[in-house]
Amino acid sequence: MTAYNTVSHEAGRLRTIETENRTVVVADLGTSITGTAEVRSDSVVVTGADERYELAVETTPERAYLNNGILTVEYGERE
């Protein structure tokens, strides 16, 4: 069993940006994490060398990526 760090609004590390046709969720995981972001049906999982993070989602996102410790999760139409 793998232990994950949970990313949530309550921790103050997560921000949701909503526009007319798109929602973007941004989480600051810290610049020390490098790794990959994997979209699953009910979560986005970031796997780094020493840490793992999980962000629970209600709807499967279109894509998620990690850049300089910032996790970006995108929903909705592309502009």
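R15 is placed in strand β2 of a predicted model. The residue is exposed, its relative accessible area being 57%. T72, by contrast, lies in strand β8, which covers residues 70-76, and counts as buried at 10% relative accessibility. Although 57 residues separate R15 from T72 in sequence, their C-alpha atoms are 9.8 Å apart in space.

- Strand β2 spans residues 14-18 and strand β3 spans residues 22-28.
- The two strands, β2 and β3, run antiparallel and are joined by five bridges.
- Within β3, V26 is the bridge partner of R15.
- R15 is classed as exposed because its relative accessible area of 57% is over the 50% cut-off.

**T72 and its surroundings**

- T72 is classed as buried because its relative accessibility of 10% is under the 20% cut-off.
- Setting aside residues up to four places away in sequence, T72 touches V24, V25, R63, A64 and Y65.

**The largest nonpolar core**

- The largest nonpolar core consists of 15 residues.
- The residues with the most contacts inside this core are V25, L29, V44, V46, L55, L71 and V73.
- At least two residues of this core come from each of β3, β5 (43-48), β6 (52-56), β7 (63-67) and β8.
- Strand β8 supplies the largest share of this core, namely three residues.
- In soluble globular proteins, nonpolar side chains tend to be buried together.
- V46, one of the core residues with the most contacts, is in contact with L29, I33, T36, A37, E51, R52, Y53, L66 and L71, when neighbours within four places in sequence are left aside.

**The protein as a whole**

- The protein contains eight strands and zero helices.
- Along the sequence, these elements follow the pattern β-β-β-β-β-β-β-β.
- The protein has 79 residues, of which 33% count as buried.
- Of the contacts between residues at least 6 apart in sequence, 43% join residues at least 24 apart.

Methods:
Residues numbered from 1 in each chain as written. Predicted model: local features only at pLDDT ≥ 70, side-chain atom pairs only at ≥ 80, totals over all residues. Heavy atoms only, no water. Helix = DSSP H or I, 4+ residues; strand = E, 2+ residues; numbered from the N terminus. Buried < 20%, exposed > 50% of the residue type's maximum accessible area, 1.4 Å probe, protein only. Contact = heavy atoms within 4.5 Å. Pairing = 2+ DSSP bridges. Core = buried A, V, L, I, M, F, W, Y, C linked by side-chain atoms within 4.5 Å.
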